[in-house]
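Me: I would like to go through the labels attached to this model and ask what each one rests on.

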Amino acid sequence: METTGKLKVKIIMGSTRQSRFSERPAQYIFEELSKVPEVEAELLDLRDYPMSFYDAAVSPSRGKGKYDDKLVQEWANKIADGDAFVIVTPEYNHGYPAVLKNAIDVLFPEWGRKAVGFISYGSAGGARAIEQLVQVAVEVRLVPIGKSINVPIEVYLKAIAEPSKENSQAFAQLRQGMWGDNVQMFCTELIWMGNALKAARIK
């Protein structure tokens, strides 16, 4: 399989609330993916894209990648530049944040035929938020990988207590699961699927 250049993986922090936890696992997976020579990882913070809630007159599926709202266009350009995505999300009341849904809904063609993996935390490890996000991802033609990372409560508590958001030792526990190194399996599957879809898109 041949691809052009590095695989560009965009890591999206799906929460904008004060004292959010999402930037900690996002930073961790960014550091891990950055160790892979063939990957170019980038953190995307929705705080940097304070878009209004979806109110466009023309559906993103019909707009051909052109948006009247400047912030939406900037967001679209970032997503279009990506080959694969990691979405880091909390679980709120059996679901995921409205700001994350909006960030997905304001675009359409930019997501298409690219891999996505999910990292979640909260009630039930965020599993129910991921279940809902998978349905949304498929509808915008993203390709969800089978592996996800659900942050256990004990890891959450250790990580949130650390003074630094970088080089978290608490997340090392994710590598010691019953079935092996969950972080490595997640990254390997995301990179494989991302490269496979990238190769198909550039044919």
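Predicted model: local features only at pLDDT ≥ 70, side-chain atom pairs only at ≥ 80, totals over all residues.

Me: Why is Glu-31 called buried?

Reply: Its relative accessible area is 15%. Buried means under 20%, so Glu-31, at 15%, counts as buried. Glu-31 lies in helix 1, and its C-alpha atom is separated by 8.4 Å from that of Glu-166, 135 residues apart along the chain.

Me: Why is Ser-34 called partly exposed?

Reply: Ser-34 has 38% relative accessibility. The class in between buried (under 20%) and exposed (over 50%) is partly exposed, and 38% therefore puts Ser-34 there. Ser-34 also has its place in helix 1. Between the C-alpha atoms of Ser-34 and Val-9, 25 residues apart along the chain, the separation is 9.5 Å.

Me: What makes strand 3 "mostly covered"?

Reply: Eight of the eight residues in strand 3 are buried. Ala-84, Val-86, Val-88 and Pro-90 point one way from the strand, while Phe-85, Ile-87, Thr-89 and Glu-91 point the other way, and all are buried. Strand 4 (residues 114-122) is mostly covered too, with eight of its nine residues buried.

Me: How do you know that strand 3 and strand 4 pair?

Reply: Eight bridges are found between strand 3 (residues 84-91) and strand 4, in the parallel sense. Pairing needs at least two bridges, so eight bridges meet the condition. Among the partners, Ile-87 is bridged to Phe-118 in strand 4, and Pro-90 to Tyr-121.

Me: What other strand pairs with strand 3, and over how many bridges?

Reply: Strand 1 pairs with strand 3 over five bridges, again in the parallel sense. Ile-12 stands opposite Ile-87 there.

Me: What makes strand 4 and strand 6 a pair?

Reply: Two bridges join strand 4 to strand 6 (residues 149-150), and the strands run parallel. The requirement is at least two, so two bridges are enough for a pair. Ile-119 stands opposite Ile-149 in strand 6. Strand 4 also pairs with strand 5 (residues 142-144), over three parallel bridges, and Ala-115 has Val-143 as its bridge partner in strand 5.

Me: Which helix lies between strand 4 and strand 5, and what is the hand of that unit?

Reply: Helix 4 (residues 127-139) makes a β-α-β unit with strand 4 and strand 5, and the unit is right-handed. The label means that, with the strands pointing away from the viewer, the path from the first strand over the helix to the second runs clockwise.

Me: What makes a set of residues a nonpolar core?

Reply: The members are buried Ala, Val, Leu, Ile, Met, Phe, Trp, Tyr and Cys residues joined through side-chain atoms within 4.5 Å. The largest such core has 32 residues, of which Val-9, Ile-11, Ile-29, Leu-33 and Val-86 touch the most other members. Elements that each supply at least two residues include strand 1, helix 1 and strand 3. Helix 6 gives the most, with six residues. A second, separate core holds 29 residues, including Leu-100, Ala-103, Phe-118 and Ala-129.

Me: Which residues does Ile-29 touch, leaving out those up to four places away in sequence?

Reply: Ile-29 touches Ile-11, Val-86, Ile-119, Ile-149, Val-183, Phe-186 and Cys-187.

Definitions and conventions:
Residues numbered from 1 in each chain as written. Heavy atoms only, no water. Buried < 20%, exposed > 50% of the residue type's maximum accessible area, 1.4 Å probe, protein only. Helix = DSSP H or I, 4+ residues; strand = E, 2+ residues; numbered from the N terminus. Contact = heavy atoms within 4.5 Å.
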